[in-house]
Amino acid sequence: MRKIHAVISGISGYVPSHVMTNEEISRMVDTSDEWIMTRIGIKERRILKKEEGSGVSYMAIKAIEDLIKKINFDPKEVEAVIFATSTPDYIMPNVAAMTAYKAGMTNAFCFDLSAACSGFIYALEVANAYIVSGKYKKVMVLAGDVLSVITNYTDRNTCPIFGDGCGAALLEATEEEIGIMDSIMRTDGNSLPHLHMIGGGSVNPASFETVEKNQHTIWQDGKVVFKHAVSSMSDTCMELMERNGLTREDVKWVAPHQANLRIIDAVANRMGVSPDKVMINIEKYGNTSAGTIPICLWDYESQLNKGDNIILTAFGAGFTWGATYLKWGYDPK
Ligand code: UT7
């Protein structure tokens, strides 16, 4: 019997219509377009306004509807839905369940996965294991966030960075030599002081005090996170390349988490991969957490060919990080 692989058979995404420019951010905090462009590389980000829709499920459903149009699959055939997000619609029930119901994936079992910015690659890891086990043939991976609801718009260290967006990837079983080939996933659970949102959980349930102390928004020690992100992502990418015998020439694309253009450049530089092979769209969408990688794949889809070697890599709160090596599954349609 030939080996089963899990391949991305379709990718889509959604970003809200409201564009928040650096000028708008500069009216809220003491910053400038020049600082944000040179230190982070973001020109604008998308924000989900109540008038358009609410909840990460709104964006996920838009992305799934587009995916159904593009690759014409029957949502009833999807057997599992994994939603990687830090901003589910509600704490309970899980947002994967509600999204699946609204999108007609009514035969799937559904759950959320919490791995912050590494959510997409962690979810791919899980979906891949389900598929190669032989038990499941079609798994939907959704990944995205409405970071604007947990962003402190009085903190100039964080508010220019974040935006809203969501991706959708359908994974299917194949016996062809395409799809997910290998991966390395890592976690360091000793990082709470450096990157967190500590309000609203079981230690600090929502109260007047947690709201007053701004504990329902993201806080980070940017420099520490920056350093860990560069070394962790580049180390796992290089380890993955080495153990799969991939030279820098063999790598057709790198799809890195979009947190800071300087982080992306440093990772590509350490990997020795030329800048034209690196997917970058941080300038228009900022950091959408779990959404950045699928939104990149969606943006670059028309340039991807069947068999292209692609390395995905992410780093986020936890700390969580890792790298996934896949061979792209189809030519541009
Ligand atoms: O996706 C999950 C993980 N998150 C990340 O990967 C983010 C990692 N960290 C970063 O991207 C960067 O550390 C930041 C973008 C957050 C900050 O950039 P930085 O180059 O590390 O700046 P810094 O924190 O060292 O601050 C340098 C200076 C400071 O002023 P002083 O103390 O030198 O006078 C800051 O107060 O820049 C100041 N500063 C700003 N100035 C204008 C910080 N934020 C701003 C701002 N506008 N928005």
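These legends go with a few close-up views of aromatic rings in a predicted model.

Residues are numbered from 1 along each chain as its sequence is written. Local features need pLDDT of at least 70, side-chain atom pairs count only at pLDDT 80 or more, while totals for chains, interfaces and linings use all residues, and side-chain values use heavy atoms, with hydrogens and water left out.

**View 1. Phenylalanine 109 and phenylalanine 111 make a stacked pair.** Rings of Phe, Tyr and Trp (its six-membered ring) pair if their centres lie within 6.5 Å; planes under 30 degrees apart are stacked, over 60 edge-to-face, and the rest tilted. Nine aromatic pairs turn up by this rule. In this one, the centres sit 6.0 Å apart, with 25 degrees between the planes.

**View 2. Phenylalanine 109 also pairs with tyrosine 136.** Here the centres are 5.6 Å apart and the planes meet at 45 degrees, so we call the pair tilted. Phenylalanine 109 is in strand β5 (residues 109–113) and tyrosine 136 in the loop between α5 (119–132) and β6 (138–146), so the pair ties together parts 27 residues apart in sequence. Helices (H or I, at least four residues) and strands (E, at least two) are DSSP runs, numbered from the N terminus.

**View 3. Ring pairs join Phe109, Phe111, Tyr130 and Tyr136 into a cluster.** Tyrosine 136 is buried at 17% relative accessible area, while phenylalanine 109 is partly exposed at 33%. (Buried means under 20%, exposed over 50%, partly exposed in between, using a 1.4 Å probe and protein chains only.)
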